Amino acid sequence: MKLSQFKFKLPDDQVALYPPHRVFENEDGTVERVYNRDMCKLMVLHRKSQKIDLFKKDADGNDTEELMTFRDLVNYFDEGDTFIFNDTQVFPARLYGTKEKTDAKIEVFLLRELNEELRLWDVLVEPARKIRIGNKLFFDGDGPMVAEVIDNTTSRGRTLRFLYDCPHDEFKKELFALGEAPLPRYIVDRRPAEEDDMEQFQTIYAKHEGAVTAPSTGLHFSKQLMKMMEIRGFEFAYITIHCGLGSFDPIEVEDLTKHKMNSEQMIISAEACQMVNDAKQSGHRVCSIGISTLRATESAVGTDGLLKEFDGWTNKFIFPPYDFGMTNSLITNFYHPESTMMMATAAFGGYNLVIEAYRQALKNKFMFGCYGDAMLILDD
């Protein structure tokens, strides 16, 4: 496949800057947003019959004029069907500091901790041209958090040593207190991160810290929806994939076989394997929640079609054509043109069907991006 086959025009007003919400105006004129995680729109694709469902059904099974919402996904699954969730936890990775002497404002995006004892972190800096080895960065005004640049790793990448003498837990607490939700660039370029974002840009089942962006499809699951799913006898398996920024890197080659993904750390336990494999062998649906989960399961599936324990890294890049070995259903979001997430979706659902789904999403004012609307793909 070619990069240009995933190009389309996405209107700015169909890029979600906030999660699904209702807006209320208070008596004092201030605006308040009430968030509803599971009230985004939902489109359902049937990859064998090539059908697309958009509307709720009436009592006779006929389409109404009301678009489906995310909660309607429960109508497409049966008792014993198993959902695979990514339980990574996002940390407040975006900080702002000032450069020593010049007081230039510098954005520092934390990627991962390299050495706990030495307080070494792999980061991205912006504007990178102003940051050289030996420079010191100050955070929180005249506060105690200071970092020194000790290495260049990429054009924007740097290794920082934080000069903060205290127990590690206290250091991490102070460091993260300075940060904000690591919203994608296409959001923060249009509005600043807000206090609510650190909660909204986190799944309700997040458990293991390490992600610098959210597994965004999982953001749609509310406590109420998951309780409803539990009552219906659905099973939940949890794996961990620490989502990085690789999915947002622009693809700079027309031939997709030449694109290289950045690696992400992933852990799949024996317990998760047992649950998923039991479901698959008994003929139940196995549904991946999001592209990160899809990439992880395809990195750990054996030749027998069963999920294997895994503790390591994956740089798997999925694009059409691709022969999937593990899951038989997928829930994902609608993403930007030429994005790796869109390509993986097209590989799973079939290029022509997914392109048609994107066309209908644009027509019906679906919202795109991490905070956008959702798509369910079924193997029927």
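The second largest cavity is lined by Pro 19, Pro 20, Arg 37, Gln 200, Leu 219, His 220, Cys 370 and Tyr 371. The model is a predicted one.

**Second largest cavity**
- The second largest cavity holds about 50 Å³ of space.
- Its lining comprises 5 nonpolar, 2 polar and 1 charged residues.

**Largest cavity**
- The volume of the largest cavity is about 180 Å³.
- Its lining consists of 17 residues, and those nearest the centre are Ala 214, Cys 243, Ser 247, Ser 292 and Met 341.
- By class, the lining of the largest cavity has 8 nonpolar, 7 polar and 2 charged residues.
- Helix 6 (residues 291–300) contributes the most to this lining, with 3 residues.

**Helix 5**
- Helix 5 spans residues 270–281, a run of 12 residues.
- From first C-alpha to last, helix 5 reaches 16 Å, close to the 16 Å expected at 1.5 Å a residue.
- The buried residues of helix 5 are Ala 272, Cys 273, Val 276, Asn 277 and Ala 279.
- Exposed residues Glu 271 and Gln 281 are carried on the face turned away from the buried side of helix 5.
- The cover over the buried residues of helix 5 includes strand 7 (82–86), strand 16 (235–241), strand 17 (264–268) and strand 18 (286–289).
- Gly 283, which follows helix 5, has a positive phi near 85°.

Key
Residues are numbered from 1 along each chain as its sequence is written. This is a predicted model: local features need pLDDT of at least 70, side-chain atom pairs count only at pLDDT 80 or more; totals for chains, interfaces and linings use all residues. Side-chain values use heavy atoms; hydrogens and water are left out. On a 1 Å grid over the protein atoms alone, a cavity is a set of points where a 1.4 Å probe fits but cannot get out, and a pocket is an open set with protein on both sides within 12 Å along at least five of seven lines; lining residues have an atom within 4 Å of a point. Grid points are joined across faces, edges and corners, and a volume is the space filled by probe spheres set on the points. Helices (H or I, at least four residues) and strands (E, at least two) are DSSP runs, numbered from the N terminus. Ala, Val, Leu, Ile, Met, Phe, Trp, Tyr, Cys and Pro count as nonpolar, Asp, Glu, Lys and Arg as charged, and the others, Gly among them, as polar. The expected span of a helix is 1.5 Å times one less than its number of residues. Buried means under 20% relative accessible area, exposed over 50%, partly exposed in between (1.4 Å probe, protein chains only). Contact means heavy atoms within 4.5 Å.
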